Amino acid sequence: MGPGPPAAGAGAPPRSLSLAARLSYAVGHFLNDLCASMWFTYLLLYLHSVRAYSSRGAGLLLLLGQVADGLCTPLVGYEADRAAGRCVRCGPRKAWHLVGTICVLLSFPFIFSPCLGCGATTPEWAALLYYGPFIVIFQFGWAATQISHLSLIPELVTNDHEKVELTALRYAFTVVANITVYGTAWLLFHLQASPHRGPIQDVSDQLGVQDVPVFRTLSLLVVGIGAVFSLLFHLGTREGRQVEELDEHSPLLAPATARPLLLWKHWLREPAFYQVGLLYMSTRLIVNLSQTYIAMYLTYSLNLPKKFIATIPLVMYLSGFFSSFLMKPVNKWIGRNMTYFVGLLVILAFAAWVALADEMGVAVYAAALLLGMGSATILVTSLAMTADLIGPHTHSGAFVYGAMSFSDKVANGLAVMVIQSLHPCSSELCCRACVGFYHWVMVAVTGGVGVAATLSLCSLFIWPLRLRSWDPGAQS
């Protein structure tokens, strides 16, 4: 568990949020979640199967986005912690959230639209260069929104179980966002196919250039819906102020026993910081890489029609949605570490099933249920562990979230680039060898990374989560 509250505030009752405040906070990441759903699930598929770019070129663009996100994340976290409340109606974290939202809204639709000015003779490198600036702007905005939103959790609530509840609500809306994207994608594919009959129907079952309008429309709907929820967040969430109003009973001087601030450089000397960071990175690798390659696995390994790239992820996130509501009672009952372990067991069961089954049929829906429940459990629990680590040190909370996200973004980007470089088909979208390739990719990104996450979790059983190196009395 995280360190206790500062001595000066030991007698203050824990802050509690109303239901409206909790819901308004929870929708603040909805735009990011909508965009992330498209980014991780459909970017490689769109660039490789729809736009016909090489697997390595598509991987380079995703790597560029992840590296840009990873570099921006700790910088935004540091600045969000350091910034004074220059905005009258919102604090520094909400101000960063607004800046990030604007960047995402202005850049994301261009990523899933054809290159302006490009023709049939345009070389691939020129088209990839066109997408680069939009991806960098989008990822900066995404990072600013994510870190400012996450770092509000310790600001808004202090009770451990309320942190889990707020994190679970946040994840519940993440699931709603994914359901929205996949449901809309299924509807767009259905509307596209409805006029076709006979042999044309068979052609439309495979992804190709005819699907460009589907992805463009989907991206425009994503930013439109997300903008509405971002507005609701800014109207309904009040960032906590560190300065309290004085009354006649307030002391003029701060107590001499007040705990000094824990700064970013002190976090780097804490073993618990790296324990949680490694666990969070492993969690994000499982969740993001499985989301990235599930569409490829369904399309090329299982040879399913393209509607399944909408329905299977939809089943995954529906199961995750219902699982997220169990997080608070389960955490209370068996604790953080055991809750995470249960989620890992479900993930490893999915990996074993995929490894042993060459063909699934309708059983693919049951496998999707397992992956959705396991992913929701480990993601919510790892975020709650990060909030535990920060504890009362909310002044540097954005840096902690930023550093955690930096490792996960860069690791995800490098992992995708390695996988894309190992793609066995150099001149075709998918040759015979890629059928087994994506099958074992799904096993590796769930089972292989799941083993690494298990080892990280073991360190928390051996050395429980607490600050060990920081000595408040040694600071000037």
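How many aromatic pairs does a search of the whole structure find? The search finds 20 aromatic pairs. The model is predicted: local features need pLDDT of at least 70, side-chain atom pairs count only at pLDDT 80 or more, and totals for chains, interfaces and linings use all residues. Residues are numbered from 1 along each chain as its sequence is written, and side-chain values use heavy atoms, with hydrogens and water left out.

**View 1. Phe108 and Phe112 form a tilted ring pair.** Rings of Phe, Tyr and Trp (its six-membered ring) pair if their centres lie within 6.5 Å; planes under 30 degrees apart are stacked, over 60 edge-to-face, the rest tilted. Here the centres are 5.5 Å apart and the planes stand at 50 degrees. Phe108 is buried, at 0% relative accessible area. Phe112 is buried too, with a value of 0%. (Buried is under 20% relative accessible area, exposed over 50%, partly exposed in between, with a 1.4 Å probe and protein chains only.)

**View 2. Phe110 stacks on Phe134.** The ring centres lie 4.5 Å apart, with planes at 10 degrees. Phe110 sits in helix H4 (residues 92-111) and Phe134 in helix H5 (residues 124-150), so the pair ties together parts 24 residues apart in sequence. Helices (H or I, at least four residues) are DSSP runs, numbered from the N terminus. Phe110 is partly exposed, at 31% relative accessible area.

**View 3. Tyr42 belongs to the largest nonpolar core.** Such a core is a set of buried Ala, Val, Leu, Ile, Met, Phe, Trp, Tyr and Cys residues joined through side-chain atoms within 4.5 Å. Helix H11 (residues 271-301) gives the most, with 16 residues. Leaving aside residues up to four places away in sequence, Tyr42 touches residues including Phe112, Tyr182, Phe215 and Ile309. Contact means heavy atoms within 4.5 Å. Ring pairs also link Tyr42 into a cluster, with Trp39, Tyr46 and Phe138 among its members.

**View 4. H11 packs with H16 and H13.** Axes are lines fitted to C-alpha atoms, for helices over the stretch in contact; angles run from 0 to 180 degrees between N-to-C directions. The axes of H11 and H16 (residues 433-462) come within 9 Å and cross at roughly 165 degrees. The two are therefore roughly antiparallel (over 145 degrees). H11 and H13 (residues 327-356) pack at about 30 degrees, axes 13 Å apart. They are therefore roughly parallel (under 35 degrees). Contacts include Leu279 and Tyr297 of H11, and Tyr340 and Val354 of H13.

Definitions and conventions
Angles under 35 degrees count as roughly parallel, over 145 as roughly antiparallel, 65 to 115 as roughly perpendicular and the rest as oblique.
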